[in-house]
Amino acid sequence: MLMPQMTRRGMLQFAGAGAAALAVTPLDRLLAQAPAGPFTLPKLPYDYDALEPNIDKETMMIHHDKHHQAYVDNLNKAVAGTDLEKKSIEEILRNIDKAPEKIRQAVINNGGGHANHTLFWEIMGPKGGGMPAGNLAKAIEKDLKGFENFKKDLSQAGITRFGSGWAWLVVGKDGVLNVYSTANQDNPLMKGDTPILGLDVWEHAYYLKYKNVRPKYVEAWWNTINWNNVAARYEKAKK
Ligand SMILES: [Fe+2]
């Protein structure tokens, strides 16, 4: 029996003596010998094609397996041999000023990339879309002038972000919801806010299907949102 979060490397080690019975390729051997880093690529919580037609399968494969993996690999390289190896990515980003100056920008870029994408996969889902309910819906009404206004503001934040970046719904230190965008892979944790919903507007997130038409991608992305996950993040951030 395999643990749900077990990595490929872990699976190979776990297989132990039984591995002889499996078809182990040269690539598997290389992966098993690769140095272990503290950060690993989380498994996509649904199939690559689960967000079709809003986000296409090929984009999801490249985005998750190549782009996110690269952020994880480069983060592991950046923190190797430092105290950051023992910390969670949330703790690192919340205290980014304490990261050694020599590696700080690499940690912002790749640690942000790892945290942002981990959130991104989870706040989407195959039965996404619709509207939030409960406390989150009430807070959107109170803090952001209602769902339609919030949707317009977050969409605009993403569409107008120059170059690469993210649009966010965050819970501030005062518990109030806010919407804004950040450049590159900067994460709201770096300024004390807790992100509960994030929209990736890097071209790698949409270019294969939507080409240069970012607004069409943003419009379709709303159909993928797993509001239960966002609401759970809201409740946790409020504690
Ligand atoms: Fe991305």
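Where does Val218 lie in this chain? Val218 sits in helix α9, and with 1% relative accessibility it counts as buried. Let's walk through the rest of the structure from there.

## About the model

This is a predicted model, in which local features need pLDDT of at least 70, side-chain atom pairs count only at pLDDT 80 or more, and totals for chains, interfaces and linings use all residues. Residues are numbered from 1 along each chain as its sequence is written, and side-chain values use heavy atoms, with hydrogens and water left out.

## The overall layout

The protein chain has 10 helices and three strands. Helices (H or I, at least four residues) and strands (E, at least two) are DSSP runs, numbered from the N terminus. Starting at the N terminus, the order of elements is α-α-α-α-α-α-α-β-β-β-α-α-α.

Of the 239 residues of the protein chain, 42% count as buried. Here buried means under 20% relative accessible area, exposed means over 50%, and partly exposed lies in between (1.4 Å probe, protein chains only).

## The iron site

Which residues coordinate the iron ion? They are His63 (NE2), His117 (NE2), Asp200 (OD) and His204 (NE2), at 1.9 to 2.1 Å. Donors are N, O and S atoms within 2.8 Å of the metal (3.2 Å for Na, K and Ca); water is not among the atoms, so sites may look incomplete. The donors of the iron ion follow the spacing H-x53-H-x82-D-x3-H along the chain. His117 lies in helix α5 (residues 101-122) and His204 in the loop between β3 (194-200) and α8 (207-210), so this pair ties together parts that are 87 residues apart in sequence. His117 is buried, at 0% relative accessible area, and His204 is buried too, at 18%.

Why is the arrangement around the iron ion tetrahedral? The four donor atoms subtend angles of 90 to 133°, and four donors count as tetrahedral if all angles lie between 85 and 135 degrees. As background, the ideal angle for four tetrahedral donors is 109.5 degrees.

## The nonpolar core

In soluble globular proteins, nonpolar side chains tend to be buried together. A nonpolar core is a set of buried Ala, Val, Leu, Ile, Met, Phe, Trp, Tyr and Cys residues joined through side-chain atoms within 4.5 Å. The largest one here has 43 residues, and Phe150, Leu154, Leu177, Leu197 and Trp221 touch the most other members. Several elements each supply at least two residues of this core, among them α6 (134-144), α7 (147-160), β2 (177-183) and α10. The element that gives the most to this core is β1, with six residues.

## The second largest pocket

How many residues line the second largest pocket? Its lining has 20 residues, and Glu90, Thr194, Pro195, Arg233 and Lys236 lie nearest its centre. On a 1 Å grid over the protein atoms alone, a pocket is an open set of points where a 1.4 Å probe fits, with protein on both sides within 12 Å along at least five of seven lines; lining residues have an atom within 4 Å of a point. The volume of the second largest pocket is about 530 Å³, where grid points are joined across faces, edges and corners, and a volume is the space filled by probe spheres set on the points.

Helix α5 provides the largest share of this lining, six residues. The lining divides into eight nonpolar, six polar and six charged residues. In this count Ala, Val, Leu, Ile, Met, Phe, Trp, Tyr, Cys and Pro are nonpolar, Asp, Glu, Lys and Arg are charged, and the others, Gly among them, are polar.

## Backbone details in the loops

A cis peptide bond, with omega about 0°, joins Glu52 and Pro53. Pro53 is found in the loop between α2 (26-33) and α3 (57-79).

Lys145, in the loop between α6 and α7, has a phi near 60°, a positive value in a residue other than glycine. Lys145 counts as exposed, at 67% relative accessibility. Asn184 also is not a glycine and has a positive phi, of about 55°. Asn184 is placed in the loop between β2 and β3 and is partly exposed, with a relative accessible area of 40%.

## Apart in sequence

Back to Val218: Val218 and Asn54 are 164 residues apart in sequence and 9.5 Å apart in space, C-alpha to C-alpha. Val171, in strand β1, is buried at 2% relative accessibility.

Notes:
Four donors count as tetrahedral if all angles lie between 85 and 135 degrees; four count as square planar and six as octahedral if opposite donors are over 155 degrees apart and all others between 65 and 115; anything else is irregular.
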